[in-house]
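Please read them with the structure open beside the text.

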Amino acid sequence: MAALAHRQQVPRPGRSLFDRPQRDLFARDLTTEQPAANASACEMPMRSTAALGERRFTAWRGRSGRRYVASVFAVGDDHALGFTDAVLLAVSADRRILAARESGPFGVEAALRRWQRAVAVAGATEIHVHLLAEDGVSRRAALLDLMPEV
């Protein structure tokens, strides 16, 4: 059975414990997690998968502060293009999103292969696939949030 440790807080002279605002234990301070407005999206690798030998999953924080989990594929891996209704991110070796697109409901193979070749030439080393956007509206919102500024 685990024992709980309790540290008694002693107020400074002239102050009581009730003089300061109480913090909600479950509230998160998002001001330190959210990027500044109009900043570019940034990768936030997942700690839960850090123990794996290979990097199969990652997360991106969009300009809005929203988090997007994605599967990681090498830029030449054809499996990255096999998903329908997904958000595809072309990522460079220095961990920047170079291009982003939606795979579409049918995964038009010729267009996706042209995009894959173009992003490889532009310097992409990986394609990150975000599959959790449920509909076209949420996929477009994710694209706008993650897409690099021009």
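1. Helices (H or I, at least four residues) and strands (E, at least two) are taken here as DSSP runs, numbered from the N terminus. This is a predicted model, in which local features need pLDDT of at least 70 and side-chain atom pairs count only at pLDDT 80 or more, whereas totals for chains, interfaces and linings use all residues. Residues are numbered from 1 along each chain as its sequence is written, and side-chain values use heavy atoms, with hydrogens and water left out.

2. On the overall composition, the protein chain contains two helices and six strands, and these follow one another along the sequence as β-β-β-β-β-α-β-α. Of its 150 residues, 33% count as buried, where buried means under 20% relative accessible area, exposed means over 50%, and partly exposed lies in between (1.4 Å probe, protein chains only). The chain exposes about 10600 Å², of which carbon and sulfur atoms supply 57%; accessible areas come from the Shrake-Rupley method with a 1.4 Å probe, and for residues only the protein chains shown count as cover. Among contacts (heavy atoms within 4.5 Å) between residues at least 6 apart in sequence, 60% join residues at least 24 apart.

3. The six strands form an open sheet in the order E1-E2-E3-E6-E4-E5, with antiparallel pairing; two strands are taken to pair if DSSP finds at least two bridges between them. The edges are E1 and strand E5 (97–102), each of which pairs on one side only.

4. Strand E1 (residues 42–43) is joined to E2 by two bridges, and the two run antiparallel, with Cys42 standing opposite Arg61 in E2. Strand E2 (residues 57–61) is itself mostly covered, since four of its five residues are buried. Five bridges then join E2 to strand E3 (residues 67–74), again antiparallel, and Ala59 has Val69 in E3 as its bridge partner. E2 and E3 make a hairpin with five residues between them, and Gly65 in that turn has a positive phi of about 100°.

5. Elsewhere in the sheet, E4 and E6 run antiparallel and are joined by six bridges, with His130 in E6 as the bridge partner of Val87. Helix H1 packs on the sheet, where H1 touches E4, E5 and E6, and its direction makes about 175° with that of E5; axes are lines fitted to C-alpha atoms, for helices over the stretch in contact, and angles run from 0 to 180 degrees between N-to-C directions.

6. Helix H2 (residues 136–146) lies across E2, E3, E4 and E5, running at about 170° to E5. The buried residues of H2 are Gly136, Arg139, Ala142, Leu143, Asp145 and Leu146, and their cover includes E2, E3, E4 and E5.

7. A nonpolar core is here a set of buried Ala, Val, Leu, Ile, Met, Phe, Trp, Tyr and Cys residues joined through side-chain atoms within 4.5 Å. The largest has 14 residues, of which Leu88, Ala90, Trp115, Val119, Ile127 and Val129 touch the most other members. The elements that give two or more residues to this core are strand E4 (87–92), H1 and strand E6 (124–130). A second, separate core of eleven residues includes Tyr68, Val87, Leu89 and Leu146.

8. Gln116 deserves a look as a polar residue in helix H1 (residues 109–121): Gln116 counts as buried because its relative accessibility is 8%. Its side chain reaches the backbone oxygen of Val75 at 2.7 Å, and, residues up to four places away in sequence not being counted, Gln116 touches Val75, Gly76, Asp77, Asp78, Leu81 and Ile127. Ile127, with neighbours within four places set aside, is in turn in contact with residues that include Val72, Val75, Leu88, Trp115 and Gln116.

9. Two backbone angles remain to be checked. Most residues other than glycine have a negative phi. Asp85, which is not a glycine, has a positive phi of about 50° and lies in the loop between E3 and E4, while Arg95, with a positive phi near 65°, is placed in the loop between E4 and E5. Asp85 counts as partly exposed because its relative accessibility is 28%, and Arg95 is partly exposed with a relative accessible area of 28%.

Methods: A polar contact is a pair of N or O atoms within 3.5 Å; within protein, one must be able to donate a hydrogen and the other to accept it, and residues adjacent in sequence count only if both atoms are side-chain atoms.
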